[in-house]
Amino acid sequence: MAKTRVPLTALTMAALMLASCGGGGGGSTAGSGPVTVTPTPSPTPTPTASCGLSAQQAFAKSVIDEWYLFPNDVATNVNPASYSTVQDYIDALVAPARAQSKDRYFTYVTSIAEEEAYYSSGSSAGFGVRLTYDPSTQRVIIAEAYEGAPALAAGIDRGTQILAIGTSAANLRSVADIVASEGTAGITNALGPSDPGVTRLLRISDAGGTRDVSVTKADYNIDPVSDRYGAKVITEGGQSYGYINLRTFISSADQQLRDAFLNFRNQGITNVVVDLRYNGGGLVATAELFGDLLGRNRAASDVFSRTSFRASKSANDETHNFTPTAQSIAPTRIAFIGTGSTASASELVINGMLPWLGTNMTLVGSNTYGKPVGQIALDKSECDERMRVIAFSTGNASGPSDYFTGLAPKIANSCAAADDLDYPLGDVREASVRAAIDFLSGQSCTARIADASTGASAQAGRTRVTVEPEMLVPEKPRAAQRELPGLF
């Protein structure tokens, strides 16, 4: 199977975790410019006998039996007749692996048309914002707003707080009241379905004051590298630093990454901030390209990543050696910015560079999610149904990787920093960007990221060091929402 069809997909409905912000300040050196919006498809299964529930359950079971990475952790006494949906049946089958934090809702069914639209162009529908919720203050705050989407056009951007939600002034409900009666699920329900034409009245608060804004959801394409702050050169103290913020690993990101790194190379940049704080993952092929762009000084025999399947499928194992391109740079130091929403393909890139840079790289922010495994896609096309099944693990030059509790424990000089929503992403005043630049300039970190203070350990119910805002995720996320937790 082609590596471009093997996405390391990310957080699902069970992974409501921290995601924060970072800032702008200065023009972008790379971006996609105007985009053509592709409407987000909806599943349209053909009502045939082969597309009934029992047929779909049988298909799911056959995929798990043949490909599941943890065959010894599949339940054997599951009766499909006891489950009214395919997903519930899948969840029951892989429950033993989930109990060990190996498969936290990573195996699932989705729409073929919807997912392919997302991976090719970032196609989505909604307001075009990422939402965080702080349980300690009951505040919903925008972490990021996408260009070309309705919310940003209405003046809603990073740092904006949503105070109340309704369909009209007559039925506005405060966030506190919604949570009190329905929990955080009430917030996602109040925002309505992710369908074009759905309109909500939002009472918001930002630097301009408090006001009511009506916003209508629409189709839009997510720009993987923002034209506002996605790629730039920061000059400070006589030194120049590259800053690259990748939102998601989709194929439309490839040329943007090449353009950004060519600019870095032309300007002699060797110290780089790689901001993956909200990046839930995506295509392995794009992650490998990212590694190649960071590998100008690597030999052809140097390993960036390893892909390993179960023993019966070991013929599919692959090793990706660094393959520098005309745009590649030779980094002296790298500061990766991450949070509990940094997962999968993002973690692959960070982990792939660790053996080669050691203490000359750091993880800034908070611990990553912890997903050293990935899915393949097998389709039941007559149902517009794609089965995403955990089928392989990832490793680096040092061998297999086991960071189900996040990458912070693997990085000795990690640096704790806040996701400061008061400043734009890429802005040197933003806490995580500030800490990253300080590391690149040779300054020492004041506090190390507590081992597994977020990520899988938090999801498993262990004590967190701090209470962090979580990304809001609907009960049934769409393809884009799996890769971009908090997307609405």
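This is a predicted model: local features need pLDDT of at least 70, side-chain atom pairs count only at pLDDT 80 or more; totals for chains, interfaces and linings use all residues.
Strands β19 and β20 form a hairpin with 4 residues between them, and aspartate 384 in the turn has a positive phi of about 50°.

**Hairpin**

- Strand β19 (residues 373-380) and strand β20 (residues 385-396) run antiparallel and are joined by 8 bridges.
- Within this pairing, glutamine 375 stands opposite isoleucine 390 in β20.

**Aromatic rings**

- The ring centres of tyrosine 68 and phenylalanine 70 are 5.9 Å apart and their planes lie at 80°, so this pair is edge-to-face.
- Tyrosine 68 counts as buried because its relative accessibility is 0%, and phenylalanine 70, with a relative accessible area of 13%, is buried too.
- Phenylalanine 261 and phenylalanine 290 also make an edge-to-face pair, since their ring centres are 5.8 Å apart and their planes are at 75°.
- That pair links distant parts of the chain, with phenylalanine 261 in helix α8 (residues 253-266) and phenylalanine 290 in helix α9 (residues 284-293), 29 residues apart.
- Phenylalanine 261 is buried at 0% relative accessibility, and phenylalanine 290 is likewise buried, with a relative accessible area of 0%.
- Phe249, Phe261, Phe264 and Phe290 are linked by ring pairs into a cluster.

**Charges over rings**

- Arginine 98 lies over the face of tyrosine 105, at 4.0 Å from the ring centre.
- The ring of tyrosine 108 has the charged end of arginine 482 over it, 3.5 Å from its centre.

**Salt bridges**

- Aspartate 419 and arginine 158 form a salt bridge in which the closest N and O atoms are 3.1 Å apart.
- This bridge links distant parts of the chain, 261 residues apart: aspartate 419 is in the loop between β22 (415-416) and α11 (431-440), while arginine 158 is in the loop between α5 (150-153) and β6 (161-166).
- Both aspartate 419 and arginine 158 are buried.
- Glutamate 236 and arginine 434 meet through their side chains in a salt bridge of 2.5 Å, N to O.
- Because glutamate 236 lies in strand β11 (residues 231-236) and arginine 434 in helix α11, the pair ties together parts that are 198 residues apart in sequence.
- Glutamate 236 is partly exposed, with a relative accessible area of 30%, and arginine 434 counts as partly exposed at 24% relative accessibility.
- Arginine 434 also forms a salt bridge with aspartate 438, with the closest N and O atoms 3.1 Å apart, and these two residues both lie in helix α11, 4 residues apart, about one turn of the helix.
- Elsewhere, salt bridges that share partners join Arg130, Glu144, Glu147, Asp157, Arg228 and Arg247 into one network.

Methods
Residues are numbered from 1 along each chain as its sequence is written. Side-chain values use heavy atoms; hydrogens and water are left out. Rings of Phe, Tyr and Trp (its six-membered ring) pair if their centres lie within 6.5 Å; planes under 30 degrees apart count as stacked, over 60 as edge-to-face and the rest as tilted. Buried means under 20% relative accessible area, exposed over 50%, partly exposed in between (1.4 Å probe, protein chains only). A charge sits over a ring if NZ of Lys or CZ of Arg is within 6 Å of the ring centre and within 35 degrees of the ring normal. Two strands pair if DSSP finds at least two bridges between them. A salt bridge is a side-chain nitrogen of Lys or Arg within 4 Å of a carboxyl oxygen of Asp or Glu.
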